Number of protein chains: 2
Amino acid sequence: MSKALSHPEAEAIDLSAVLDALRDPIRRAIVLMVAEQGEKRCSSFLCCTTKTNLTYHVARLREAGVVRVRIEGPSRIVSLRRDDLEGRFPGLLDAVLAGARQDPPLARLVEDA
Amino acid sequence: MSKALSHPEAEAIDLSAVLDALRDPIRRAIVLMVAEQGEKRCSSFLCCTTKTNLTYHVARLREAGVVRVRIEGPSRIVSLRRDDLEGRFPGLLDAVLAGARQDPPLARLVEDA
DNA sequence: GGACTAGTTCAACATTCGTTGGACTACGGA
DNA sequence: TCCGTAGTCCAACGAATGTTGAACTAGTCC
């Protein structure tokens with residue numbers, strides 16, 4: 001186990017930060033993929049953007065408390081903090097995910113992955 | 001000045017734009033006030049920030065499709081597009097409003113107004 | 001008309017955001 | 001140990017964001 005990545009506590013998840021994280025289509029695509037297909041490696045999202053940029057977006061989702069990232073060998077495994085979000089902002093995640101599914105280009109991105 | 005301010009059609013309301021609009025605490029305070037107390041004049045929100053800045057934030061809410069602004073004499077009346085939002089992104093607005101109510105400084109701002 | 005109220009517009013500015021390329025570290029297998 | 005894979009870090013850059021003050025317009029009331 002190398003170093004642990006920092007995540008906000010469930011109670012410390014901030015609404016501004018969550019909305020900010022979910023506002024970006026790339027980040028919403030990542031969240032939607034993880035929501036539909038379960039936890040995934042960072043490299044699964046390379047369809048959306050470049051490696052460097054992915055690090056940036058995943059970090060934003062992690063720092064906002066939307067996803068959890070754990071290190072497994074050479075990979076980072078991204079999972080959704082569904083219960084933490086539901087506990088703090090009931091209905092919010094599902095509403096955003098439903099909205100994201102309505103977005104054709106975004107939904108196509110998720111299918112292709 | 002022309003009588004009609006531009007608003008997106010209900011079907012054209014974009015998720016990124018809505019999340020973007022609701023991400024800012026000042027804008028969330030405005031939305032919460034209108035949600036709790038019904039339609040209000042722009043000047044009602046002067047507790048939150050300056051006149052100029054208010055014009056900016058109200059315009060962002062309007063352009064995102066979150067609020068409707070109509071001109072009544074010398075005033076602008078701001079109202080929430082609750083049904084349009086609910087139709088497009090069910091549950092989203094209520095989840096955000098519930099989250100906003102949990103935020104003590106923001107809730108206090110709304111009470112004082 | 002003149003004063004008053006309500007809000008807009010404009011230019012300026014600092015800050016943050018999203019993106020990129022290149023160099024870098026960490027892990028696992030041959 | 002060298003190699004390929006997985007991802008990070010850093011510096012840079014343009015674009016968007018949030019804020020401000022001063023000047024402006026538009027409507028109301030005397």
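User: Where does Cys47(B) lie in chain B?
Analyst: Cys47(B) sits in the loop between β1 and α3 of chain B. Helices (H or I, at least four residues) and strands (E, at least two) are DSSP runs, numbered from the N terminus. Bear in mind that this is a predicted model: local features need pLDDT of at least 70, side-chain atom pairs count only at pLDDT 80 or more, and totals for chains, interfaces and linings use all residues. Residues are numbered from 1 along each chain as its sequence is written, chains are lettered from A and ligands numbered from 1 in the order in which they are written, and side-chain values use heavy atoms, with hydrogens and water left out.

User: What does Cys47(B) count as in terms of accessibility?
Analyst: Cys47(B) counts as partly exposed, at 43% relative accessibility. Buried means under 20% relative accessible area, exposed over 50%, and partly exposed in between (1.4 Å probe, protein chains only).

User: And how far is its C-alpha atom from that of Asp112(B)?
Analyst: The two C-alpha atoms are separated by 8.2 Å, with Cys47(B) and Asp112(B) 65 residues apart along the chain.

User: Switching to Arg62(B): is it buried or exposed?
Analyst: Arg62(B) has 11% relative accessibility, so it counts as buried. Arg62(B) is part of helix α3 of chain B.

User: Which residues is Arg62(B) in contact with?
Analyst: Setting aside neighbours within four places in sequence, Arg62(B) is in contact with Leu5(B), Ser6(B), His7(B), Pro8(B), Val67(B) and Val69(B). Contact means heavy atoms within 4.5 Å.

User: What is the strand order of the sheet in chain B?
Analyst: The order is β1-β3-β2, in an open sheet of 3 strands with antiparallel pairing. The edge strands of chain B are β1 (40-41) and β2 (67-72), each pairing on one side only. Two strands pair if DSSP finds at least two bridges between them. For β2(B) and β3(B) (residues 75-80), there are 6 bridges in the antiparallel sense, and Ile71(B) stands opposite Arg76(B).

User: Which strands does helix α2 of chain B touch?
Analyst: Helix α2 (residues 25-37) of chain B packs on the sheet and touches β1 and β3 of chain B, its direction making about 80° with that of β3(B). Helix α3 (residues 51-64) of chain B also packs on the sheet, touching β2 and β3 of chain B at about 120° to the direction of β2(B). For these angles, axes are lines fitted to C-alpha atoms, for helices over the stretch in contact, and angles run from 0 to 180 degrees between N-to-C directions.

User: Now chain A. Why is β3(A) largely enclosed?
Analyst: Because 5 of the 6 residues of β3(A) (residues 75-80) are buried, the strand is largely enclosed by the rest of the structure. β3(A) is joined to β1(A) (residues 40-41) by 2 antiparallel bridges, and pairs with β2(A) (residues 67-72) over 6 bridges, also antiparallel.

User: What are the bridge partners there?
Analyst: Ile77(A) in β3(A) is the partner of Arg41(A), and Ile77(A) is also the partner of Arg70(A). Val69(A) stands opposite Val78(A).

User: Which residue has a positive phi in the hairpin of β2(A) and β3(A)?
Analyst: That is Gly73(A), with a phi near 60°; the hairpin has 2 residues between the strands.

User: How about helix α1 of chain A, how many of its residues are buried?
Analyst: 7 of the 9 residues of α1(A) (residues 15-23) are buried, so the helix is largely enclosed by the rest of the structure. Among them are Leu15(A), Val18(A), Leu19(A) and Leu22(A). At the start of α1(A), a side-chain oxygen of Asp14(A) comes to within 3.3 Å of the backbone nitrogen of Ser16(A).

User: Last topic, the two chains together. How much area do they bury between them?
Analyst: Chain B and chain A bury about 1400 Å² between them, 60% of it on carbon and sulfur atoms. Buried area is the accessible area (1.4 Å probe) that two parts lose on being put together, summed over both. In chain B, Leu15(B), Leu19(B) and Arg23(B) lose the most area to chain A, together 33% of what that side buries.

User: And how many residues does the contact take from each chain?
Analyst: The contact takes 18 residues from chain B and 18 residues from chain A.

Key: Polar contact = N/O pair within 3.5 Å; in protein donor to acceptor, adjacent residues only side chain to side chain.
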